[in-house]
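These are my notebook entries on a structure that I had not examined before. I record what I looked up, entry by entry.

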Amino acid sequence: MDIEQVRQLVELMKEHDLTELLVRDGDRRIVLRRGASGQVVVAPPVMPAAPIVPAPAAPPTGPAAATEDPGLVPIRSPMVGTFYAAPDPDSKPYVSPGSEVGPDTVVCIIEAMKVFNEIKAEVAGTIEKVMVQNAQAVEFGQPLFMVRPRK
Amino acid sequence: MFSRVLIANRGEIALRVLRACKELGIQTVAVHSEADADASYLRLANRKVCIGPGPATESYLRSDRIIAAAELAGADAIHPGYGFLAENAMFAEQCRDCGIEFIGPSAQAMRLLGDKAQARKLAKRARVPTVPGSDGPIEDDQKAVEVAGAVGYPVLIKAVAGGGGRGMRVAHNDAMLRGALKQARQEAENAFKDSSVYIEKYLERPRHIEVQVLGDKHGNYVHLFERECSIQRRHQKLIEESPSPVITSKLRRDLCYAAVKLARAAEYYSAGTFEFLLDHTGRHFYFIEANARIQVEHPVTELVTGVDLVAWQLRIASGEKLALDQHNIRLTGHAIECRINAEDPTRGFQPRPGRIAEFIAPGGFGVRWDSHVYAGYEIPKYYDSLIGKLIVHRMTRPEAITCMRRCLEEIHVEPVATTAAFHRRVLDHEGFREGQFDTGFVERELLK
C-alpha cells in the first residue's frame, strides 16, 4: 500500500462523504477515519509481528493535557534550561502564533550553564500557541509550542 | 547547612535522601526520567524536574541536564545517592566547578579509591593487609603467570575500574590463565571502558565483611562497626547484617581500625565503606576495595548504632564537624536487611518489571521498610530490580531472624514476583542460623 493509493482512498472518502473506510490487503489493513472538522485522519496500518520501535527523536510521551485540539502537535523541550523567545533581548521573537515553520526553523533558545542552544522545530506547519514565557525554566519533554502541522 | 539540595537519583534512595533533607529543614529538588514521572515519592520534593526519557544514559546519567536542573532550581548541593553518578569523579568536579557542592568525597579521594589497583597500593602503604597479588595492573600475560606463580593458584583476575562484583574471572592454572585474562579484559572494556586488570589470590570460602566510616572535612574520622555481607548471589548482596555473627572483639577492633587508617590515608570525607575478606579460618582479614558512596545496606548500621548516616553526609558536606565521639558510638542489638527485588527466583532471578496491583508493607516492633513502591506502582524496566529494603532490629540475632521471617511472610506484592520467598529459604537454613556461611553459601546450598 503506497502513498498514492492512500491519497486515492482519501479522495474517495471525500467524494462520497464517507466517515470511515477499512481496506484489507492480504495481511495489511488500513483504517481511514474522517473527523468532524473535515480532516482525514489516517490510523496506522496494523502489521502482525512488527516490533514496536520507540521513537528515537525528541520526547514523544508526556501529558496530553496541553492539547485540546487533537490536530495540534507539541514542540517539546529536548533539554533542561531557560527558555528564551528571541535571539537577544533587543530582537523580535523567533516565532509567534501564525509563523510558518519547517523542520530546521529555529523556534527559540534554551540556555543551560551559560550555553545557548538553538532549538529547531523538527516539524513543518504553523505555530498556533506559545506554551511558555520568556525566561521561564523548562524541563525535558515540556511543551514549548503547539503547531498545526502542514500535510 | 544547604538551603536546597537536588537529588540526582531515583527510587528508594531518592526517597531516603528526601526524608533526611526534610528533617534538616532543607528544600528539595528531585530530578526524574519520564519513566518515573508518576512516582509518588516525587510529591515529597519541593520541586521536580524531568531530565530525560527512561533509559539511564539519557536521564540519570546525564550530568549536563542534572547540573542544569540544579542551576535552574537554585540548588546549592547535589546528593548522588548510590549507583548512577555517585562515584563519577568528573561529575563531582563539574558540580563543584559550577559552585554546587557534591555530597560525597573529594574527586581526588574518589579517583584514588575507585582505582582498585591504587587502593591496594594505598592499603600497603598504610600497612593494612591486602590479598596477596599483583602490585598494580598486569601489563602482559607473562607478568600474570609470574604473579600467579608467586601467590599460588587459584587466582582471581579483577578489573581495575570495576566494582559491584563485575569484571572478575577465576583461573586455576597457567592454561586457564591466558583465556581468563582475555575474557576479563574484554568484560572490563565493555562495562567500564577500561580493560586494565590486576590479580589477587583467590580465597576459598571467604566472608565479606565491610566497615562503615564517616569522615568530615576537618580530618575527623569515626567508624560505625562492621556489616557481614556474605549472603550473595553472583557477587550481588542479598542479605546483610550487623554485627557479623563470627568475628571476635579483637578482630572487630583490628578491622575497624584498619578502615579508619585507610580513610585517613585517602583523605576521605563523607560516608564510605571499606570492604575486607575474612579467610576461612576466620583469623585473617584482607582489604579488597573501598566504596566512596552511601551504600544500599546503610540502614543496617543506622539501626545498630542509632546514627543517621545520610543526615551526616549532608552535615559533613556543608562543612560541619563530626560531633560523634568514637567512644559514644555503640553497637547495640542485631540488625538484618533483606533486599526485596522484583525478580523470579524460580526462573533464574529474571527481573520482572510491571505493575504492582496489590501491596502490603510489613511492620511492627523493630521493623524498617525503605521503599518507594505502593499498590498501583508501575516498576519501570530501565533500572535495577530493587523494590524495597526490609530491615529488622532486635536485641539478639535469633530474635532478629524470627522477626525477619515473620515480615517476609507478611509482605504482600501481587502479581509481581519477588525474592521474599527465597529470603525465607535462606533464613530457614541451618547454616545461616548458625552463622556458618561464606560468599559461596547461597550458590552451594540453595541454588543446586
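**Entry 1: helix H5 of chain B**

Helices (H or I, at least four residues) and strands (E, at least two) are DSSP runs, numbered from the N terminus. I use "buried" for a residue with 20 or more other C-beta atoms within 10 Å of its own, "exposed" for 12 or fewer, and "partly exposed" in between, with C-beta atoms placed from the backbone. Just after H5(B), I noted a positive phi of about 60° at Arg127(B).

**Entry 2: conventions**

I work with a predicted model, in which local features need pLDDT of at least 70, side-chain atom pairs count only at pLDDT 80 or more, and totals for chains, interfaces and linings use all residues. Residues are numbered from 1 along each chain as its sequence is written, while chains are lettered from A and ligands numbered from 1 in the order in which they are written.

**Entry 3: chain A**

I found 1 helix and 11 strands in chain A. Read from the N terminus, the order is α-β-β-β-β-β-β-β-β-β-β-β. Chain A has 151 residues, of which 19% count as buried. I then looked up contacts, where two residues qualify if their C-beta atoms, placed from the backbone, lie within 7 Å. Among the contacts in chain A with a separation of 6 or more, 52% join residues 24 or more positions apart.

**Entry 4: domains of chain B**

For chain B, the domain assignment gives domain 1 (4-103), domain 2 (132-201) and domain 3 (207-446). Such bounds come from an automatic or database domain assignment. The centres of domain 1 and domain 3 of chain B, taken over C-alpha atoms, are 23 Å apart. Between these two domains of chain B, 25 residues of domain 1 are in contact with 22 residues of domain 3. On the domain 1 side, helix H1 (residues 11-23) of chain B gives the most, with 8 residues. I counted that side by class as 15 nonpolar, 3 polar and 7 charged residues. Here Ala, Val, Leu, Ile, Met, Phe, Trp, Tyr, Cys and Pro count as nonpolar, Asp, Glu, Lys and Arg as charged, and the others, Gly among them, as polar.

**Entry 5: where the chains touch**

I found 14 residues of chain B in contact with 13 residues of chain A. On the chain B side, strand E3 (47-50) and helix H2 (63-73) each supply at least two residues. H2(B) gives the most to this side, with 7 residues. By class, the chain B side has 9 nonpolar, 1 polar and 4 charged residues.

**Entry 6: a helix pair in chain B**

Helix H3 (residues 89-97) and H4(B) pack at an angle of about 180°, and their axes are 9 Å apart. Axes are lines fitted to C-alpha atoms, for helices over the stretch in contact, and angles run from 0 to 180 degrees between N-to-C directions. H3(B) and H4(B) are therefore roughly antiparallel, a term for angles over 145 degrees. Ala89(B), Ala92(B) and Glu93(B) of H3(B) make the contact with Ala107(B), Met110(B), Arg111(B) and Gly114(B) of H4(B).

Most residues other than glycine have a negative phi, and most peptide bonds are trans. Which bonds did I find to be cis? One joins Ser242(B) and Pro243(B), with omega about -5°; another joins Glu414(B) and Pro415(B), with omega about 0°. Pro243(B) is in the loop between strand E11 (236-242) and helix H8 (249-265) of chain B. Pro415(B) is in the loop between strand E22 (412-414) and helix H12 (420-428) of chain B.

I also noted Lys114(A), not a glycine, with a positive phi of about 70°. Lys114(A) is in the loop between strand E7 (106-112) and strand E8 (115-120) of chain A. Is Lys114(A) buried or exposed? Lys114(A) is exposed, with 7 other C-beta atoms within 10 Å.

Conventions:
Angles under 35 degrees count as roughly parallel, over 145 as roughly antiparallel, 65 to 115 as roughly perpendicular and the rest as oblique.
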